[in-house]
Amino acid sequence: MSSLKFRRAFSALLLVVFFVIVWTFLLKTRIGQTVDMVAMMKTSNWATQFRGMDRKILDSVSVPSIIVLMAVAAIVAIVRKRWALAVRALVTVAGALVSVQVLKAWVLSRPNFHIGNSLANSMPSGHTAAGMAAAVALVMVVPHQWRSAAAWVGAIFAASMGIATVVNQWHRPGDVLAAIAVVGAWALLLSPTEVGRDTSGAGQRGAWVLGWAASGAGVALTGVSTLIVFVAPAFRNAHSGQEAVTYFTTKVTLVPGGLAVGFCALIVGLSFLVVHELDCLARR
């Protein structure tokens, strides 16, 4: 196995492991559900700052738009006379989106810790998956010399989509992170390694730095904030999960802010790291 193929497989495996961690902690534990909900409630307070852009981003995802996305990806690949690449891109988009719906409806379950309205599981986020699928399809099919630029555009769009779903309380941050991991794993497994001019330049290095910086900041902020919630008497002595959520969203300022900023940083960081890895497959 070549070094690039090994890197592709290993990166996809890391995303699968990340998905399992997100699912196990944020969905299956009381503390995970609590910080996930607190982060969403705090992030939703930022809605006025977006001035309607969040709704426009969300409205861009629909069944017709997904069909158009798949058609455009196929056409670009075919114009490049890359028939196999067209199939790979279509399978990536379709497989990722179907996987997300299957996981959400039939595989994953959400234990009832009496947090929120106790609705059925919403992990992974379908809207985020569609945004991420658009990003990876774009990076996969464009000529290698354009991949770095496409990676930046795709990562920004995917991260914006994910954050918009949280701002509008459509999904919790964990749902968004899980969706990015699922789509990223599909893309890394199916994206071919390109041979040609090396695309590593300022754009690729910038995406790597931003991805790791945002991810590191996100882990630090969410980790410290989660630890504070976990040891707080308000969490340990709460009669229900919702009581703890209400306390931290109404009586405390720094912890909810740390969770909101931390999870948003993780969303941005993971989006950039995934598309950066796809970009790195286009090298000599």
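Predicted model: local features only at pLDDT ≥ 70, side-chain atom pairs only at ≥ 80, totals over all residues.
H2 is largely enclosed by the rest of the structure, because 12 of its 15 residues are buried. Among the buried ones are Ile-31, Val-35, Asp-36, Met-37, Val-38 and Met-40. Take a look at the start of the helix, too: a side-chain oxygen of Thr-29 comes within 3.0 Å of the backbone nitrogen of Gly-32, and Gly-32 is itself on the buried list.

Now for the aromatics. The model has four aromatic pairs. One of them is Phe-6 with Phe-10: the ring centres are 6.0 Å apart and the planes sit at 10 degrees, which is under the 30 degrees cut-off, so this pair counts as stacked. Both residues belong to helix H1 (residues 3–27), and because they are four residues apart, about one helical turn separates them. As a rule, an α-helix has 3.6 residues a turn, so residues three or four places apart point the same way.

Phe-230 and Phe-235 make another aromatic pair, this one tilted, with 6.2 Å centre to centre and 45 degrees between the planes.

| Residue | Relative accessible area | Class |
|---|---|---|
| Phe-6 | 51% | exposed |
| Phe-10 | 42% | partly exposed |
| Phe-230 | 36% | partly exposed |
| Phe-235 | 4% | buried |

Which residues lie over the faces of Phe-235 and Phe-230? For Phe-235 it's Arg-30, at 4.1 Å from the ring centre. For Phe-230 it's Arg-236, at 4.4 Å from the ring centre.

Last, the backbone. Most residues other than glycine have a negative phi, and most peptide bonds are trans. Lys-81 has a positive phi, near 60 degrees. You'll find Lys-81 in the loop between helix H5 (63–79) and H6, where its 66% relative accessibility makes it exposed. His-114 also has a positive phi, near 60 degrees, and lies in the loop between H6 and H7. The loop between helix H6 (83–107) and helix H7 (126–141) holds Pro-124 as well. A cis peptide bond, with omega about 0 degrees, joins Met-123 to Pro-124.

Definitions and conventions:
Residues numbered from 1 in each chain as written. Heavy atoms only, no water. Helix = DSSP H or I, 4+ residues; strand = E, 2+ residues; numbered from the N terminus. Buried < 20%, exposed > 50% of the residue type's maximum accessible area, 1.4 Å probe, protein only. Polar contact = N/O pair within 3.5 Å; in protein donor to acceptor, adjacent residues only side chain to side chain. Phe/Tyr/Trp six-rings, centres within 6.5 Å; stacked < 30°, edge-to-face > 60°. Lys NZ or Arg CZ within 6 Å of the ring centre and 35° of its normal.
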